[in-house]
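Colleague: I would like a close look at one part of this model, with the packing described step by step.

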Amino acid sequence: MLLRSIRWAQRLLATSTLLLALPALAIIADVAPGSRFEPLEPSREHAMTTQQIVNNLLRGHYESQRLDDTLSSRVLDILLKDIDSTRSYLLAADVAEFEQYRQSLDEALNRGDMRPAFFMFNRFQQRVSERLSFLLNEIDKNAEKYRFDKDERLDLDREKAPWAKTSAELDDLWRKRLKNSILNLRSAGKDDKAILELLRKRYQNQLNRVHQSKPEDAYQTFMNAATRAFDPHTQYFSPRNTENFNINMSLSLQGIGAVLQTEEEHTKVVRLVPGGPAAKAGNLQPADKIIGVGQEGADIVDVIGWRLDEVVELIRGPKGSTVRLEILPASSSGGESRTVAIVREEVKLEEQSAQKDILEIQDGEQTRRIGVIDIPTFYIDFQGRMENKPDYTSTTRDVARLISELKEEGIDGLIIDLRNNGGGSLEEAISLTGLFIHAGPVVQVRGMQNRVEVLADQDPSVLYDGPLTVMVNRLSASASEIFAGAIQDYGRGLVVGSQTFGKGTVQSLRPLRSGQLKITQAKFYRISGDSTQHQGVIPDILFPSLFDNEKIGESALEDALPWDAIRPANYRATAEVKKALPALRQQHQQRAADNPDFLFMREQKNLIAELREQTRVSLHEKIREQERKANDEKRLQLENNRRKAKGMKLLSSVEELDAEAEADMTAADAHAADTAEGEAETAAGDGKKAKDDDAMLTEAGHILVDYLKLNSRSLTAQRQP
């Protein structure tokens, strides 16, 4: 390894793009009912910290920007979307009043003047307090008289809705929202008395928290709007959130192993840490929403409307203890919740080690043995290496050992599975690439002033020179994209799966007087000169995916830095893979056209898209139930179509379908526990499953066998006189 690349790896955070996302609105501890929200005031400390942040942004951010009216306008737009993305709290008159700051927030930031920020935050808190008070009043006086036989509908997508002109307009919206919440809880089997008591407690709890907001909450909310005007990965951490960030970036934490973020009033699961308790349990999925948290022997606490760090604190706990989560599953169309239990463990990144397996593919009368190495993250024990421990953990060392073992077992080809791999050590991405190529560049890093550094593998030896395939999906990010991109650029192997995340930027942490700043300092480029930013890696052969690129990925983030290109590095690529691609794609398409699992995924994706287009929900109970049953019947029909094509037993009801899904999760967990060769991970959409039920992995094996046969024919033709 180059010393320079080691230094880069140590001083830059080439980590997953899916880090802890901060809530737009910070709300904190309970206080007695009836307390009043008092306007918050900025402090001198806020002014000094702001000037520090501004200096860092103007002098240290990768993409230089001016602190001008254009940026000021963008900060205001981001702030409005952060605090009221559904346009359900603020009135048109409030927004009009905020317009006085559209061209002057840049000047306020430069002076460290937080009075405009606090004015807007206080107004918003006032409106939130009014809405929650309205809901509590409705529950006490009117909710018992609500009728659910009227043809009313609630608009769910209000991102572009006009701001309400009067409080009466908002009253009508929130009355419908209350009815919707009641219907959701009814469909979950709760009786009306229990429903109203639960909602009363929920809204009172949220109101108490609003009234107890502190100046740091207002400051953090505004400063994150300001930093995100530069790019979505530049972020301000308050002292409290600095502690939480450091815990999440450390090698060890005790909890369930899930990355969470705030989405409106819910806590949403972004991804599961491979090898962590939640991934092993298999009962929590990306995009699920956590609405309640309960400890062993205690009631579940409703956490709708809580700030993210407080939810995280509830979920964390001692190793071996059990936490119960009430969730709204991403796959649920009717708003029904369910409760899952997860045993907390110590999650250590160095324990998320690469695992091997052998996939057998029938090729006529011959059985091909394809080695599979699953790499959940790019890990390295820096401390162990610095202490010269002979057995320190690293991705490259583990993969090298696994490849040697697979070669002894007689494999015909190799698949490197990077699905759901969110990144990790930049150095490991470079050295891992070196196992498959002769010495040469792997990635380019462009910093400020357009200085480009080429990071290379300098070891001329190649551990594995046989047929190679790399599997990726939408959750493959950062270091995963560097490795997959290098393999593709060299023509060293096939890349199959779905478009990757597109995280092509590098951040570092800078201490502040109060808290710290995560700031984007550099950008990754492939050796071809293409950036991985925004676009990610496009596979040679695309598989269907249930992930929505408009919701997940760098391109889904507002103000993300754009894709661009620089001069290619000096490298030599082979053309064998490129020549074979037309034939490989044709053979894949022929198989996929009749593959029950691929057909199922395409139909499932169409159903999900259809459900997403339903941006209005009925508040008529019978119509609501009919719509839910219709959606459930579609789900059941899709599954039975797949089963029929595969000669499996058909399911008779949606209940049986849900029970099968739960059983599959348990089976995957048992597979992980009982198999010494690896762990099974179940993820939403096109994530990994137990090997024997992974249609994507099996198809990747077939493609590699096709490539083997094409190469064999090519070599035979070359030997002909």
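At what angle do helix 6 and helix 9 pack, and how far apart are their axes? Please go on from there to what surrounds helix 9.

Modeller: This is a predicted model. In it, helix 6 and helix 9 pack at an angle of about 110°, and their axes are 9 Å apart. Angles of 65 to 115 degrees count as roughly perpendicular, so helix 6 is roughly perpendicular to helix 9. On the helix 6 side, the contact is made by Ala-117, Phe-118 and Phe-121. Their partners in helix 9 are Pro-215, Asp-217, Ala-218, Tyr-219, Thr-221 and Phe-222. By class, this contact has seven nonpolar residues, one polar and one charged.

Helix 9 (residues 215-228) also meets helix 3 (residues 69-83), where the axes come within 8 Å and cross at roughly 130°. That angle makes helix 3 oblique to helix 9. The crossing is right-handed. Here Val-75, Ile-78, Leu-79, Asp-82 and Ile-83 of helix 3 meet Thr-221, Phe-222, Ala-225, Ala-226 and Arg-228 of helix 9. The contact of helix 3 with helix 9 has seven nonpolar, one polar and two charged residues.

Leaving aside residues up to four places away in sequence, Phe-222 touches Val-75, Leu-79, Leu-105, Leu-109, Met-114 and Ala-117. The largest nonpolar core has 64 residues, and Leu-178, Phe-222 and Met-223 touch the most other members. Helix 6 (residues 115-141) supplies the largest share of this core, eleven residues. A second, separate core has 43 residues, among them Ile-375, Leu-406, Val-445 and Phe-483.

Terms used:
Residues are numbered from 1 along each chain as its sequence is written. This is a predicted model: local features need pLDDT of at least 70, side-chain atom pairs count only at pLDDT 80 or more; totals for chains, interfaces and linings use all residues. Side-chain values use heavy atoms; hydrogens and water are left out. Axes are lines fitted to C-alpha atoms, for helices over the stretch in contact, and angles run from 0 to 180 degrees between N-to-C directions. Helices (H or I, at least four residues) and strands (E, at least two) are DSSP runs, numbered from the N terminus. Angles under 35 degrees count as roughly parallel, over 145 as roughly antiparallel, 65 to 115 as roughly perpendicular and the rest as oblique. A crossing is left-handed if the near helix is turned anticlockwise from the far one by less than a right angle, and right-handed if clockwise. Contact means heavy atoms within 4.5 Å. Ala, Val, Leu, Ile, Met, Phe, Trp, Tyr, Cys and Pro count as nonpolar, Asp, Glu, Lys and Arg as charged, and the others, Gly among them, as polar. A nonpolar core is a set of buried Ala, Val, Leu, Ile, Met, Phe, Trp, Tyr and Cys residues joined through side-chain atoms within 4.5 Å. Buried means under 20% relative accessible area, exposed over 50%, partly exposed in between (1.4 Å probe, protein chains only).
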